[in-house]
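Thanks, everyone; I would like to take a few minutes to walk through one model. Please have the sequence and the structure open as I speak.

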Amino acid sequence: MSSTRPEDIPMVFVTNASDVLGDTSLGFSGAQIVKLMSAYAVDANIDIPNGTYPFERQGINKRTALAENIAAFPSEWRYKIIRELCDSSTIQKLNPNAANKIKAQLFSRYGHLNEGANLNNLNQTLVEETKHWLGAFPRSLSIYTQAEAKLSHGIFDRNVLDDLRLALEILLHELLGNHKSLENQLQPLGAFIKQRDGSPELANMFVKLIEYYAKYQNTYIKHDLAIIDQEVDFIFELTSCFMRYLVRISGRASDRAGNLSGPIKMVPQAGESLNAGLKK
């Protein structure tokens, strides 16, 4: 009978991940595997079985060597190692689809092992309020919630930005009654704000922010550039502010958000619940 605990990352998963990460042509080299795993071993104060290259054991391939090295760590470290190796620029350049599939499985099955879960710096009050306001727009809300889940587990930064853009685009499609791309919504969006008693100055500022927002997204998503971690939280909160404001002025808030039409407290006072902060 297996001694693996339910919360452990089992050897079969480690082996599958190592087959991707140590692939003959699309994975780390043997020397890279030794260098990376030796650094983890030092940090965790653990001995690994394959710490030199060429490997001492005759006939061992790099996939097996990597799997055995990862297996030497407890599950919390296995989670960290597999996630970070999947995120590495080497793997993301050589085999991103397979690596991201491993990350998705890691997140869905063993996300409880992530020490960094829910430790992002998002304004959680803003996020919860935004979800309330999006209640009348289930498609946009669903994608927004997916982005939050991905960010809370510290994975898929590029996907988080892509989800946020898509959630905003879908919201604009419903509010403006068209199917234009974000870049082509500037004129209709400015008119939408002015028609709802927004000042020309605010409408112009909002449109300019959306213009730069779209340029940022295009740079980091379409051109596949490395994303600065600290900027992801900012983009998340900026998107939230965009969406919440647009729903509020549209007058199409859901019943559960209907009692939020008055001024909203961004941060509840000490001892005050979030629900209290959301009342008029």
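Predicted model: local features only at pLDDT ≥ 70, side-chain atom pairs only at ≥ 80, totals over all residues.

Let me begin with the largest nonpolar core, which has 41 residues, and in which Y144, L164, L168, F236 and L246 touch the most other members. The elements that contribute two or more residues to this core are α7 (124–133), α8 (138–152), α9 (157–176), α10 (186–195), α11 (200–222) and α12 (229–250), and the largest share, 10 residues, comes from α9. If we take L246 as an example and leave aside residues up to four places away in sequence, L246 touches L168, L172, L175, L189, F192 and F206. Apart from this core lies another, of 29 residues, which includes I70, I91, I102 and L113.

Now to the helix pair, α7 and α8. How do these two helices run relative to each other? Their axes come within 10 Å and cross at roughly 155°, and since angles over 145 degrees count as roughly antiparallel, α7 and α8 are therefore roughly antiparallel to each other. The crossing of α7 and α8 is left-handed. As for the residues involved, Q124, V127, E128, T130 and K131 in α7 meet L141, Y144, T145 and E148 in α8, and Y144 is also among the core residues that touch the most other members.

Finally, the cysteines. With a cut-off of 2.5 Å between sulfur atoms, the count of disulfides comes to zero. C86 counts as buried, because its relative accessibility is 0%, whereas C241, with a relative accessible area of 36%, is partly exposed.

Definitions and conventions
Residues numbered from 1 in each chain as written. Heavy atoms only, no water. Core = buried A, V, L, I, M, F, W, Y, C linked by side-chain atoms within 4.5 Å. Buried < 20%, exposed > 50% of the residue type's maximum accessible area, 1.4 Å probe, protein only. Helix = DSSP H or I, 4+ residues; strand = E, 2+ residues; numbered from the N terminus. Contact = heavy atoms within 4.5 Å. Axes fitted to C-alpha atoms, helices over the stretch in contact; angles between N-to-C directions. Parallel < 35°, antiparallel > 145°, perpendicular 65-115°, else oblique. Left-handed = near helix turned anticlockwise from the far one by under 90°.
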